[in-house]
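Dear colleague,

I am passing on to you the structure that we spoke about, and below it you will find my notes. Please read them with the model open beside you.

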Amino acid sequence: MKIIIIGGGIGGLAAYHALRKHLTASGTTITIYEAYPSSRSTTTIIGGGLGLQPNGQRAIATISPTALEYIQARGVECFSFTFRNERGKTLGVMSVGDREKHGFGTMMSPRAVVHEGFLADDEVEKEVKWGKRVKEVKELEDKVEVLFEDGDTDTCDLLIGADGVRSICKEALFGKEYPPRYDGLTGIGGFLPISSLSPTTQAGIKRDLVTMTFSRSGFFGMAVCTPPPTSPPSSTTPEQIMWWSTYESDPPLPRDTPPSRIKDDLLARHGEWKSPYDEEDRSAFKDIINLSCADHSHSQFLILPRYITPLLPQWSSVHNDKGKGRIVLIGDAAHTMPPDSGQGVSCAVEDGLALALLLKHYLVTNQNTGELEAIQKSVTAYEEIRKPRVTAILNFAKRSGDGKREMGWLGEKIRDWALWIFSRLPSSVVHDKMYGYDVEAEVRKYIAQ
């Protein structure tokens, strides 16, 4: 069988690793097409920072221990988040991973590092066809045809769409019926050397590792995201923090908005906020904003208007009147995960692993099943296993995101009380279901039933 993956981002590469592990022994060939011209050009624009939670690390460990080792060596593991309000008052400290119970903490890391981790195996990077932008995807009677903007074409037996929120593969299923939708929130964030901050701020951030500050008109987070440069993997990289601000903006800010405009906007929103890291003559929030929006080479920031995929009726063409099930969507192409969940990367990796395990079961283990029937059973099972989990996480993310919108005095009090209560609930109530999720166990359970 020939499989094509459209999209060489984190989701597409994770699917490739999972498929290579579970299917290549059966003679299956896998090709990845990526629109960007090289891995370097991809990792430099792939996004800001992220938190890779225990379930995501568990899934990565299953498909590529090398990738997880790379990520862990270049990220910072933490076990709690600190919540504060704009007056500097601590609302709560929430556990975000228990090694004994979940196997991992939460890994704070630049998104580019996770992408690089999946490319750490030189053979994988060679398998990606870089600079191939897809124009159209068509499912025919016995194959899927891919048309590229440069005029080339390719065909396959199964196409996996891992091409993000503006997925061309999604259009093969629904046309223009489900375009990306701006959710009203814009994220601005970036990275900064810790050494550029005041001694008090440096000590506070290194102690707390991740802090999230809420007000009635927005949100500001900061976290250590790279280890000290004494660590061999990052010996040439200064120890960094990642920061991010989220607030309502209508219309969304253009991505090329000048730094001076961003600086003025952020200072007006966060400049008077208080932090335990403040010194008599220096404010942590002002320092981070001023330094990040200044015109010098050690700072960088991104403007990321939040576009989401509306809930899709299905993630594959198996239910389509004209389709046979040979097109299936994973990651953001199927379900754009807002950053409020902390589960975007984890869910994309889980998608790829679940699909690979199901294809292995129906295509390899049950050899009496024909190829098309095996594909159809696999994509049907994939949706039935993954949709309930993803929908629950999306609902959680929406509730979390709503806490960053403009609100009145009463709304602020309710949110702060909710954070106070949430951070004090036992881990078994808050996190076990999310962090303890095991894709292999869920697939085994489905097959047994």
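Helix α3 gives the most to the lining of the largest cavity, with four residues; helices here are DSSP runs of H or I of at least four residues, strands are DSSP runs of E of at least two, and both are numbered from the N terminus. Please keep in mind that this is a predicted model, in which local features need pLDDT of at least 70 and side-chain atom pairs count only at pLDDT 80 or more, while totals for chains, interfaces and linings use all residues. Residues are numbered from 1 along each chain as its sequence is written, and side-chain values use heavy atoms, with hydrogens and water left out.

The structure holds one cavity of 30 Å³ or more, and about 30 Å³ of space lies in the largest cavity. A cavity is a set of points, on a 1 Å grid over the protein atoms alone, where a 1.4 Å probe fits but cannot get out, and lining residues have an atom within 4 Å of a point; the points are joined across faces, edges and corners, and the volume is the space filled by probe spheres set on them. The lining is made of Asn55, Arg58, Ala59, Thr62, Leu353, Tyr437, Asp438, Val439 and Glu440, and both α3 (54–63) and α17 (439–448) supply at least two residues of it. These lining residues divide into four nonpolar, two polar and three charged, where Ala, Val, Leu, Ile, Met, Phe, Trp, Tyr, Cys and Pro count as nonpolar, Asp, Glu, Lys and Arg as charged, and the others, Gly among them, as polar.

Because nine of its ten residues are buried, α3 is largely enclosed by the rest of the structure; buried means under 20% relative accessible area, exposed over 50%, and partly exposed in between, with a 1.4 Å probe and protein chains only. Among the buried residues of α3 are Asn55, Arg58, Ala59 and Thr62. Helix α12 (residues 344–365) is mostly covered too, with 18 of its 22 residues buried. The end C-alpha atoms of α12 are 31 Å apart, which agrees with the 32 Å that its 22 residues should span at 1.5 Å a residue, the expected span being 1.5 Å times one less than the number of residues.

Turning to the strands, β10 (residues 144–148) pairs in the antiparallel sense with β9 (residues 134–139) over five bridges, two strands being paired if DSSP finds at least two bridges between them. Val146 in β10 is the bridge partner of Val137. On its other pairing, β10 is joined by four bridges to the antiparallel strand β11 (residues 153–156), where Leu147 stands opposite Thr153.

Lastly, two backbone details deserve a look. Most residues other than glycine have a negative phi, and most peptide bonds are trans. Leu209, in the loop between α9 (199–208) and β14 (210–215), has a positive phi near 65 degrees, and a cis peptide bond with omega of about 5 degrees joins Asp250 and Pro251.

With best wishes

Conventions
On a 1 Å grid over the protein atoms alone, a cavity is a set of points where a 1.4 Å probe fits but cannot get out, and a pocket is an open set with protein on both sides within 12 Å along at least five of seven lines; lining residues have an atom within 4 Å of a point.
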